[in-house]
Amino acid sequence: MSARDVVIIDGTRTPFAKSGTALKKIHPAELGKVALRELIAKTNLDVSQVDEVIIGNTGNPVDSVNIARVVALNAGILQKTSAYTVHRNCASALESISNGYEKIKSGTMDVVIAGGTENMSQMPTLLPPKIQKTFDELFAAKATAKKLALIWQLFKGDLKQIKAILSGNFRDEYFPVISVMQGLTDPFAGINMGQTAEIIAKEFNISRLEQDEFALKSHQKAVAAIKSGRIKDEIVSFPMPPDFKTTLTEDTGPRDGQTIEALSKLKPFFDKLTGTITAGNSCPITDGAAVLLMMSRERAQSLGYKPLARIRGYAFAGLEPERMGLGPVYSTPVALKRAGLLMKDIGLVELNEAFAAQVIGCMKAFDSNEFAQKKLGLGSKVGTLDPNMVNVNGGAIAIGHPVGATGTRIVVTLMKEMKKRNIQFGLATLCIGGGQGGSIVLEQEA
Amino acid sequence: MSVNESLKIIPLQVEGVGLVAQIVFDMKDSSANKLSTPIMLRLRELLQEVDRNTNYKAVIINSKKPKIFIAGADIDEIRSMTSPDQFREAVGQGQSIFNMIEDLKIPVFASIHGACAGGGCELILACDYRIASDDSATRIGLPETQLGILPGFGGCVRLPRLVGLQAALDIILAGKLVNAKKAQKMGLIDRMVHVNLLSDQTIKFVQDVFKEGPHKRRQTFKPKGFVNVLLEGPLKTVVFSQARKQTLKATSGHYPSPLKALQVIQKTFKSSNRERSLEIEKNAFCEVAVTDISKNLIHVYDLTEMVKKQNGVPGVQVTAKEIKALGILGAGTMGGGVAYVAADKGIRVRIKDLNPEALGKAFKHAHDLWFKLMKKRVLDKFQFSQKINLISGGTDYADFKNLDIVIEAIVEDMGIKQKVIAETAAHMRPDAIIATNTSSLSVTEMSKGHPRPEYFAGMHFFNPVHKMPLVEVIRGEKTSDETISTIYELSKKMGKMPVVVKDGPGFLVNRLLLPYMAEAAFLLQEGMSIEVVDQAYVKEFGMPMGPFALMDEVGLDVCIKVLKIFKKAFGDRVELAPCMEALEKSGRLGKKNKKGFYHYDEKDYRGEVDQSIYQALNLTTPTNLISNQECIERGVFAMINECARALKDDQIVATPNEVDLAMIMGTGFPPFRGGLTKYADKVTISYVVQQLEKYSSQKNASKRLAPAPALKNLKAFYI
């Protein structure tokens with residue numbers, strides 16, 4: 001134990017809801033506010049203690065470009081306290097935690113709030129570049145004749161846009177730019193996230209049935225966790241504006257009564273002919289926010305807090321963008337090394353479920369000497385993961401994956417479950433679009 | 001001489017202009033500049049000097065006070081004047097001095113920062129040019145009608161000329177003040193600058209004017225748009241009749257001064273004969289200024305000023321604690337109302353209620369009220385969401401360690417309240433306060449639930465909380481001065497009028513109201529109809545609503561319950577008419593279940609009297625044989641009777657001032673009557689006693705209407 005140990009006091013999150021449903025009208029800053037406001041309440045935090053607020057977000061809403069500051073002020077964090085937004089794609093809300101960790105560990109700060117918020121429903125649809133160019137020219141134009149010509153051009157462009165939308169051809173240069181879709185396409189390799197999962201499925205020989213069964217289990221575990229009230233303490237109930245009549249208290253994604261038959265009926269989305277990745281065995285596009293309160297051990301002690309967990313180490317690592325789903329296999333050995341631990345020490349794991357194929361692929365790669373030697377430059381495999389200790393309360397396939405918030409969500413879920421099961425060491429890890437992995441190792445505080 | 005120090009000329013050499021006379025207001029021994037008689041005479045002297053000294057090229061009038069330009073006439077002087085001649089002299093003198101400003105051969109610039117009200121506003125109207133700071137302290141207008149008088153130093157004549165008829169009526173009839181931005185928009189000021197730039201920019205303004213030649217000007221309003229051209233010209237009668245209608249509706253005909261002001265404006269608008277116009281204004285002023293109504297409204301003004309200066313514990317030096325975060329137990333109507341009012345004034349609010357739906361309703365109550373303000377453009381969307389962000393809630397005690405005070409608004413049950421208070425105290429910091437919003441239970445008794453009763457008191461709001469200004473601050477036996485003072489200051493911060501009262505059944509307001517409501521039930525029993533009684537109180541006496549409408553608002557079950565509590569506490573003098581007993585069993589709860597003396601629509605607006613109620617209460621068809629005078633006297637005199645007991649026997653409040661303030665702010669007792677005790681003194685106590693004796697013998701009501709010894713021993717409430 002050291003005074004500069006970085007401990008997590010508590011964490012909380014909003015319920016997660018599939019995009020376009022319950023939370024679609026709630027601004028991501030508002031989602032973040034609710035989570036943070038309730039974290040402050042729950043921990044009875046004296047906000048004057050807070051040194052920094054760091055929030056992950058990938059959608060970057062145009063009206064709140066540094067959304068962390070908006071979240072902080074709305075939630076009642078003092079104006080003197082600084083705040084910034086971080087973006088490491090799917091691991092943005094793990095990036096915020098790692099930032100906080102470094103600041104506390106180094107002695108720069110003592111109290112940091114880290115988290116993430118995302119409303120994927122509200123990611124904008126932009127004008128096609130062709131039309132936007134005309135638009136810009138129109139703004140700059142002075143002569144009436146020029147203006148009229150550009151307006152006529154704009155009108156023609158609109159017709160072409162409508163034609164492109166009706167034809168459903170995404171590649172048409174007059175098709176509007178849908179931010180969510182762009183975000184889920186790798187700009188280096190030029191393929192969609194689902195296609196990266198298809199590559200893993202094929203290279204690791206993961207069958208459709210294996211994936212669907214994994215997805216089914218995710219739903220079953222998530223539904224059980226909701227029904228038993230096991231994860232109630234990580235979720236804040238949320239009377240929703242503007243009529244405040246409905247109070248959202250739980251995730252809306254997990255489906256009770258999900259069957260393997262129903263899952264097996266779905267068509268492969270990314271590779272119609274030989275593919276195995278479906279909407280059913282992938283995570284849905286989701287809205288939600290999560291935050292946690294971190295402190296130096298000495299500050300936690302002086303304020304009389306009993307932390308839930310201590311951060312032992314974290315790591316990010318890179319790999320081929322087209323196999324991004326295997327990211328956890330690359331980052332985890334580094335994080336374990338920094339934590340001074342081995343995989344066999346880990347008693348509980350949150351491995352984010354972007355795709356069933358990708359999680360299964362990771363488990364196989366973790367357990368493979370060949371993979372370790374060829375890809376990781378290690379002498380032997382990272383270690384075997386017991387499926388019974390992975391995502392025990394379900395994962396993103398059921399709960400959902402609000403990109404900028406998931407990193408914190410899995411850490412909150414992990415540390416609370418570690419406490420309930422009295423597990424000493426836990427691992428939270430996720431794959432990151434663009435070809436990275438992120439991992440964090442926690443130790444339960446007595 | 002202090003008056004010479006308070007108002008003087010500081011000459012100033014301005015490039016491109018020459019010598020400028022700065023007339024500087026800086027009242028000694030006062031934070032405000034007021035236009036008292038000595039100051040007015042001094043002003044005349046200075047103006048004469050400026051007129052004589054031909055070296056002066058321009059005049060600047062400004063103030064040295066940080067928050068006030070000129071607050072208006074000296075109210076102490078107005079209060080001391082009684083005869084029309086006194087007013088005539090003072091007003092004539094003021095008018096002639098402001099005429100001097102208008103008639104100076106050189107241009108006069110008003111440089112305004114801070115409150116510029118009444119006579120202050122009339123002064124700048126007589127100037128040629130006006131520049132003001134955009135500070136929030138800068139508020140310009142003519143509030144005279146609020147005091148039952150009207151602008152008498154030329155305001156009724158000059159304001160319509162400068163800003164047009166519609167804008168002027170808006171200010172004068174409602175007695176409004178506007179901020180600099182609005183003032184500029186309507187043409188009341190010419191320029192608006194940051195306060196730090198005001199003096200430099202005033203000089204620049206003078207230079208700018210002199211570039212085009214040093215000229216006087218008489219700015220006249222030029223309406224914009226075809227409709228306004230018509231309304232400010234040929235169709236002005238439409239504007240006048242519309243304004244008259246609205247004023248009559250707003251004042252129910254009980255307040256003559258806005259109507260008088262309207263008459264003055266109607267007679268003088270667009271007249272070129274200044275002397276005649278000012279004479280009309282002066283006559284009208286003297287007519288309203290001598291009335292009791294004006295004296296009473298000034299009394300009410302004094303009462304509100306008294307609250308501003310007090311700390312809730314007279315004669316004790318104590319520092320109130322700052323309340324940054326406020327908790328509420330129970331998200332019902334009262335809890336939700338308090339949450340809105342607190343958050344509206346920038347206090348962070350945390351509501352606890354076991355039922356998430358109730359929380360949602362409280363959030364919605366606040367949300368909808370602010371949303372309306374946003375629609376009316378009082379708030380922009382950013383201010384709106386900042387307010388929304390101040391309210392949060394939950395079903396547990398999360399956040400309670402961060403709260404400075406918690407207001408309890410749960411079910412009216414002593415046992416439950418004591419238990420919840422003990423539980424709440426355990427979740428709070430030891431120095432935090434708990435206050436109860438109870439309307440009928442003993443605060444001292446309740447404080448036994450609190451481990452540190454010095455941190456416990458009553459804070460009784462009235463429904464609807466966002467409309468009713470009164471807060472009764474109830475001192476329990478062990479409540480500390482610091483706690484009382486903290487709640488007193490908090491009430492003020494929430495925009496309310498606090499009155500400190502002693503613990504006792506019904507505290508002050510409900511104790512006085514109950515005999516009044518009980519008496520209304522007897523009138524009903526004796527064959528009066530609901531609408532006749534209510535209308536008598538509204539139209540003749542000036543109450544905002546009659547006793548039956550009020551009972552519906554409060555809740556009929558609550559009225560009967562509280563009456564029974566009173567019966568226990570006060571014995572036989574509390575009587576329930578037989579129809580009240582029937583009412584209890586009728587299932588009618590009033591507005592809250594839309595079944596009471598009146599019908600209610602789906603939006604809870606009160607409609608016609610529910611004619612089926614007479615039968616439901618076993619009453620015969622109303623005969624209406626009792627005079628309006630008797631209806632009113634029996635109710636109001638019953639209140640006065642109880643007031644004497646509360647004030648003299650039980651010392652529930654310290655002085656009649658508190659009674660008057662509480663009744664006006666808590667029940668809407670007509671302000672033009674100056675309050676309950678002011679009214680009693682006006683009709684004389686001996687008349688009240690005589691009438692009570694008469695009614696108690698005639699109606700066989702010796703128990704409930706017989707004058708109390710405390711009343712009989714009294715000559716007048718105000719000595």
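Predicted model: local features only at pLDDT ≥ 70, side-chain atom pairs only at ≥ 80, totals over all residues.
In the contact, chain B takes part with 15 residues and chain A with 16 residues. On the side of chain B that touches chain A, the elements that contribute two or more residues are β14 (348-352), α16 (356-375) and β15 (391-394) of chain B, and among these α16(B) gives the most, with six residues. Sorted by class, that side of chain B holds four nonpolar, six polar and five charged residues.

The sheet in chain B is an open one, in which four strands follow the order β5-β8-β10-β11 with mixed pairing. Because β5 (68-70) and β11 (177-179) of chain B each have a single partner strand, they stand at the edges, and one side of each is left without a neighbour in the sheet. From one strand to the next, the twist averages 25°.

| Element (chain B) | Residues |
|---|---|
| β5(B) | 68-70 |
| β8(B) | 115-117 |
| α5(B) | 119-126 |
| β10(B) | 139-141 |
| β11(B) | 177-179 |

Strand β10 of chain B is joined to β11(B) by three bridges, and the two strands run antiparallel; within β11(B), B:L177 is the residue that stands opposite B:G141. In general, strands of a sheet pair through backbone hydrogen bonds, either parallel or antiparallel.

Helix α5 of chain B lies across β5, β8 and β10 of chain B, and the helix runs at about 85° to β8(B).

Technical notes. Residues numbered from 1 in each chain as written. Chains lettered and ligands numbered in written order. Contact = placed C-beta atoms within 7 Å. Nonpolar A, V, L, I, M, F, W, Y, C, P; charged D, E, K, R; others polar. Pairing = 2+ DSSP bridges. Axes fitted to C-alpha atoms, helices over the stretch in contact; angles between N-to-C directions.
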